[in-house]
Number of protein chains: 6
Amino acid sequence: MTRPTSPLDPEIRILLERVSTATLATQLFKRGFRTRFLTGVLPLRPDKKLVGVARTLRYVPMREDLDHMGVFVNPEMPQRKAVELVGPGEVLVIDARGDRTAGTIGNILATRILQRGAAGIVSDGPFRDMEGIRQLDFPTYCAGPHANTNLCAHHPVDVDVTVGCGGVLVEVGDVLVGDSDGVIVLPRAIAAEVARDAAEQEVAERFVLEKIQAGSSIVGVYPMNEATAEEYRAWRIKQGAR
Amino acid sequence: MTRPTSPLDPEIRILLERVSTATLATQLFKRGFRTRFLTGVLPLRPDKKLVGVARTLRYVPMREDLDHMGVFVNPEMPQRKAVELVGPGEVLVIDARGDRTAGTIGNILATRILQRGAAGIVSDGPFRDMEGIRQLDFPTYCAGPHANTNLCAHHPVDVDVTVGCGGVLVEVGDVLVGDSDGVIVLPRAIAAEVARDAAEQEVAERFVLEKIQAGSSIVGVYPMNEATAEEYRAWRIKQGAR
Amino acid sequence: MTRPTSPLDPEIRILLERVSTATLATQLFKRGFRTRFLTGVLPLRPDKKLVGVARTLRYVPMREDLDHMGVFVNPEMPQRKAVELVGPGEVLVIDARGDRTAGTIGNILATRILQRGAAGIVSDGPFRDMEGIRQLDFPTYCAGPHANTNLCAHHPVDVDVTVGCGGVLVEVGDVLVGDSDGVIVLPRAIAAEVARDAAEQEVAERFVLEKIQAGSSIVGVYPMNEATAEEYRAWRIKQGAR
Amino acid sequence: MTRPTSPLDPEIRILLERVSTATLATQLFKRGFRTRFLTGVLPLRPDKKLVGVARTLRYVPMREDLDHMGVFVNPEMPQRKAVELVGPGEVLVIDARGDRTAGTIGNILATRILQRGAAGIVSDGPFRDMEGIRQLDFPTYCAGPHANTNLCAHHPVDVDVTVGCGGVLVEVGDVLVGDSDGVIVLPRAIAAEVARDAAEQEVAERFVLEKIQAGSSIVGVYPMNEATAEEYRAWRIKQGAR
Amino acid sequence: MTRPTSPLDPEIRILLERVSTATLATQLFKRGFRTRFLTGVLPLRPDKKLVGVARTLRYVPMREDLDHMGVFVNPEMPQRKAVELVGPGEVLVIDARGDRTAGTIGNILATRILQRGAAGIVSDGPFRDMEGIRQLDFPTYCAGPHANTNLCAHHPVDVDVTVGCGGVLVEVGDVLVGDSDGVIVLPRAIAAEVARDAAEQEVAERFVLEKIQAGSSIVGVYPMNEATAEEYRAWRIKQGAR
Amino acid sequence: MTRPTSPLDPEIRILLERVSTATLATQLFKRGFRTRFLTGVLPLRPDKKLVGVARTLRYVPMREDLDHMGVFVNPEMPQRKAVELVGPGEVLVIDARGDRTAGTIGNILATRILQRGAAGIVSDGPFRDMEGIRQLDFPTYCAGPHANTNLCAHHPVDVDVTVGCGGVLVEVGDVLVGDSDGVIVLPRAIAAEVARDAAEQEVAERFVLEKIQAGSSIVGVYPMNEATAEEYRAWRIKQGAR
């Protein structure tokens, strides 16, 4: 089977590992995007940066006759199928409609996803055995813990279709970036450009923050007026290539 | 193109036009289904009974660059495509994630759907120009009015996939029945059986209601004990086949 | 069995049939009560005034093994028991925790309650066959329609205990008054006094409204300053005993 | 005192009285506005068109010692002051933070506002004595009925400041248009231009609707392709000046 | 006074201390229970396992005249009474209707409950001085912190009646099990059987997790096919009696 | 410019640094205040006590044409202006209508506020780069993290007006006290008196807690009966003036 996603350019990945979701949100806002940050989805591992390419799993409300323990023996069952599809550098994105009345994935499947080299997991529903998943060595994001099996609330229905997650449209191949604030989704076509501008913005903000920490007012500094901008350009050169 | 749905058996349609969603909910409950009635979706025309077969339209959250007025010129745009697919005896079911911040369909498209012979429209989001749609001569259900175009909140993404609507799983071909309480979804495989048992239940309830109206207590009557059941069987015969 | 409630003094009943819930809310507010009006509970019959004494029915969340169709054959099942307890001048108040995912009572039981001479029904959950209940000749209040049987979401557990309904504490014997705005609950001990002061307030407001309709400003009129109060006292005498 | 708003150009008023909020929403969407329609605010009089200029009243949460019946004797109390400020062609817009636990205005004050020649009232909270207000001969919009006095939940704090209402920024002088769907807010600077383009759009939509009603598909018609546009231009001329 | 609950069989208690709520949820799901895990109730001490028998305390909405500081001097006031009733191995379960606008219990009472030998506290409302309670040496669960006294929102009304907590029916004597995901409620009649099957399931899951961690796919492993099951039975024997 | 607030009496500040928000809530409750604790606003630094005087910043919903990156160059833009106004001993209180779809302030501005000697920041919306703000050496409170710039959801409109925050009225000059439970607002006029009574209450509660920890029942102890009160007075003297 051919992969439906292409890997991220390593240079872009490096840039994205360095910039915050807040900076990316500003860059997206400048380009007319106001709704690319997932609402209600929190990091289990704020210490680990997420950068990866989206694979998706879609849930709809469960139906009592369809959603019983027997479905798990079928490897084509979409939840199980998705777990065995997601690969290196990819992130499994679960559209659970923001429902908080059942888990969406648990520790055993999350362990398998980690083993497959995935970059992380993002769900707008809860995790089961959330503490177990927190201990896995990769970034994961969810809407809190819930012990119920996903079949209590969900019918897994599709893999690798366009979904909504945390109120955000996610296409297969989009770039997800996550940090301690949460997760933002870059449309693939502009990911490189946004990454570069965000990296540049962060250099400038480091300069600004230093000035503020040294006692400067924000007036003329944040944002910079022409005098500060000149000062910045000198500082920038002194700093070297970052 | 072949239809993805088969028409409803006319005898079943007649039974379903006669029974209430409350009765159908009881029959489904007896079979283990607790979650087949749409929550938050109200009738514009409580005077008109809805009976039809599901076709579906799926929305995900909008993205600013994808969802502009230009998309409507493309007849493959899923919202427009769905309108020209739904046919006689069918119901267009719109999965709008229960979002209430934009319309999901308006008067011109609803008129077209009526013209195509459809049985009705069911959306878990609002309608635009809701009063215009109310005046159309068929049953329609939504979550209230909203003037915003669907692109303010939604990206139409798929037709004829399994969706959630009002918290209920809907498969293409499922049977929707609506009355003044709202809409219930019968899994296609059991629709005929449920319709027959519901019709039978309603005859019995007419008998019970007559007794209550005549001053009887509910004890032994609702539900019936053996004595009342016997009385009922006699009444049933006297009534004839209805 | 002795009734747990005493009937309302007929003179007080007459006063309460005349005053609005808005006026009663003001009188309660003056006495330090800010939270006696039910939120989210709407009239099916805004044309009919509700005045009655509370009997209560308490629901808790359902449990799958306890809440099946078989429970209805037991006349001690609290929902059925409550229906056969409520009597003339009384109102059945259903505490459904404001849950909107199932009906709380249906047309047959509501008909029986009407037959028993009850003053009305108030539920903070939905009704089944709401249109059927609307056609009954007494005031009823609920949170909209829902076709599911109450067992889908509720386990009826108690009758005639103190409950919450629409966010308001209701004791057995409290006085419920309802109009087109909704339902307010008067603690029994102060019902008579509140009724009298509310009736008096409404006479004054009729005077004020006449003045406003004649073009007066609200300044010095609503509320009245001394000059207007004098004018009012003269008007009051001219009007006679109301 | 000079008015903080200038009256609407009569020609623009006439255009706005003719067009729907759905059409205005489309025109605003084309100009980059996605969030100008009030969510959760419904018409009491869907038969009456609202067109008027915004005056505002801002509520914050109540504080027990500040918000007692005594405050109403002060004519500078913002709620009472606002009522005596709003004038012909103006709409009183109440920012109640969408709170649904108390009324925001009642029948006597609404009557006074009507007497002062105002164009309507828009609140994102409930009305007290909502049926009384419904009977007044002008368009009013709210979030349902509630009998509690506003002081139970609100502290009136300001008049004629920029507010949020139903999730929409409203500046004094903005143009509000309401119909059976609800209320939309036009920034004053673009109201005339939006009104003209909306009127033009509605002529075209009448043409489209006629074609759909006559059995046409939406393909090439909604939106129009070049052939239909030509046909439309001929129809437009035949129709005369509208 | 005789205890309304019987203590848990020590062997069952040991099993339950070992298994996760996720595993118990699966066992309950297999028996037809989809709704036994509390929603919105989080652990203050994820490091401490909760196993205990339910005692209950029911709150309804406060009424201004009933709920003042004076009520606390009465030892029969239900909140205070409940604190002095709960005993060794028991859990106090507070039904606060999921309201988040006031605390439901504070540090002094929680300390007394710990002193009485109770197994824990579970509330679907907030705690006051939550950090103080977190430091007590037993597992406690709530909906976050809130400084307001319970009388701001609640009227304590009953002890040891069937309640709802976090959307789940809880009977006196039911078995509560809590871990880092939250709390699940086992109907007393099936607690022993569920505990045994859950313990067995966890042994199998340990085997599965080891395989996944060693690089195995989930296909044929989770759930096990016949070959894996055979391998498991061998592993199981080698492990000894667990 | 003269300050709109007067500094807190140092003696009162010392008392407030010692007492918990739970104790203050009790003292306010005794004076008739039930609604002074912010709901949904959580501490980033539960280890740091907040005591300060309110300065305010008001947001309304954004409008696409008003809220673009260009606004930040204007030092009169209210968000930026507020940052340069707040001074030693003051707390910036942000009214974001409880909206959780965008940040309300970020790390650079928060750093500047700390540099200006402010006592803390309280917002009923999220923070951007929340982890960065958590590391600043002062108490801050918000509704979680969100990477979006405030302009995605908000239009900053006013400084130093009366606002609502977390459902609580806040006047400029009010006293905010925060601990691990959250934030409570003391009306300025009664802050000193409440502080003194709260400090006294905490001494008594320390005595009670010691008794409970030593095995005492709560009966007669919490609250104290006359015998315990006498014992307390003796203990109080032995403890000295504290």
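Two residues are taken to be in contact if their C-beta atoms, placed from the backbone, lie within 7 Å. This is a predicted model, in which local features need pLDDT of at least 70 and side-chain atom pairs count only at pLDDT 80 or more, while totals for chains, interfaces and linings use all residues. Residues are numbered from 1 along each chain as its sequence is written, and chains are lettered from A and ligands numbered from 1 in the order in which they are written.

## Contacts between chains

The contact between chain B and chain D takes 26 residues from chain B and 26 residues from chain D. On the side of chain B that touches chain D, the elements giving two or more residues are helix 3 (78–83), helix 4 (107–115) and helix 5 (130–134) of chain B, where helices (H or I, at least four residues) and strands (E, at least two) are DSSP runs numbered from the N terminus. Helix 4 of chain B provides the largest share of that side, five residues. The residues of the side of chain B that touches chain D comprise 12 nonpolar, seven polar and seven charged; here Ala, Val, Leu, Ile, Met, Phe, Trp, Tyr, Cys and Pro count as nonpolar, Asp, Glu, Lys and Arg as charged, and the others, Gly among them, as polar.

For chain A and chain E, the contact takes 26 residues from chain A and 26 residues from chain E. Two or more residues of the side of chain A that touches chain E come from each of helix 3 (78–83), helix 4 (107–115) and helix 5 (130–134) of chain A, and helix 4 of chain A gives the most, with five residues. That side of chain A has 12 nonpolar, seven polar and seven charged residues.

Other pairs are not in contact. Chain B and chain E are joined by no contact, and their closest C-alpha atoms lie 9 Å apart; chain B and chain F do not touch either, with their nearest C-alpha atoms 12 Å apart.

## Relations between copies

Copies are superposed by least squares on the C-alpha atoms of residues with pLDDT of at least 70 in both. Chain A is superposed on chain E with an RMSD of 0.0 Å by a rotation of 120° with 0.1 Å of shift along its axis. These two copies are thus related as by a three-fold rotation axis.

## Domains of chain A

Chain A is divided into domain 1 (10–188) and domain 2 (193–239), with bounds that come from an automatic or database domain assignment. The C-alpha centres of domain 1 of chain A and domain 2 of chain A lie 34 Å apart, and the contact takes 11 residues from domain 1 of chain A and eight residues from domain 2 of chain A. On the side of domain 1 of chain A that touches domain 2 of chain A, helix 1 (10–18) and helix 2 (21–30) of chain A each supply at least two residues, and the largest share, five residues, comes from helix 2 of chain A. The residues of that side of domain 1 of chain A divide into seven nonpolar, three polar and one charged.

## Helix packing

Two helix pairs are set out below. Axes are lines fitted to C-alpha atoms, for helices over the stretch in contact, and angles run from 0 to 180 degrees between N-to-C directions.

| Helix pair | Angle | Axis distance |
|---|---|---|
| Helix 1 and helix 6 of chain E | about 45° | 9 Å |
| Helix 2 and helix 6 of chain A | roughly 120° | within 9 Å |

Helix 2 of chain A is therefore oblique to helix 6 of chain A, given that angles under 35 degrees count as roughly parallel, over 145 as roughly antiparallel, 65 to 115 as roughly perpendicular and the rest as oblique. The crossing of helix 2 of chain A and helix 6 of chain A is right-handed, whereas helix 1 of chain E and helix 6 of chain E cross in a left-handed sense; a crossing is left-handed if the near helix is turned anticlockwise from the far one by less than a right angle, and right-handed if clockwise.

In chain A, Thr23(A), Leu24(A), Thr26(A), Gln27(A) and Leu28(A) of helix 2 meet Val194(A), Asp197(A), Ala198(A), Gln201(A) and Glu202(A) of helix 6. In chain E, Ile12(E), Leu15(E), Leu16(E) and Arg18(E) of helix 1 meet residues of helix 6 including Ala195(E) and Arg196(E), and the residues of this contact divide into seven nonpolar, no polar and two charged.
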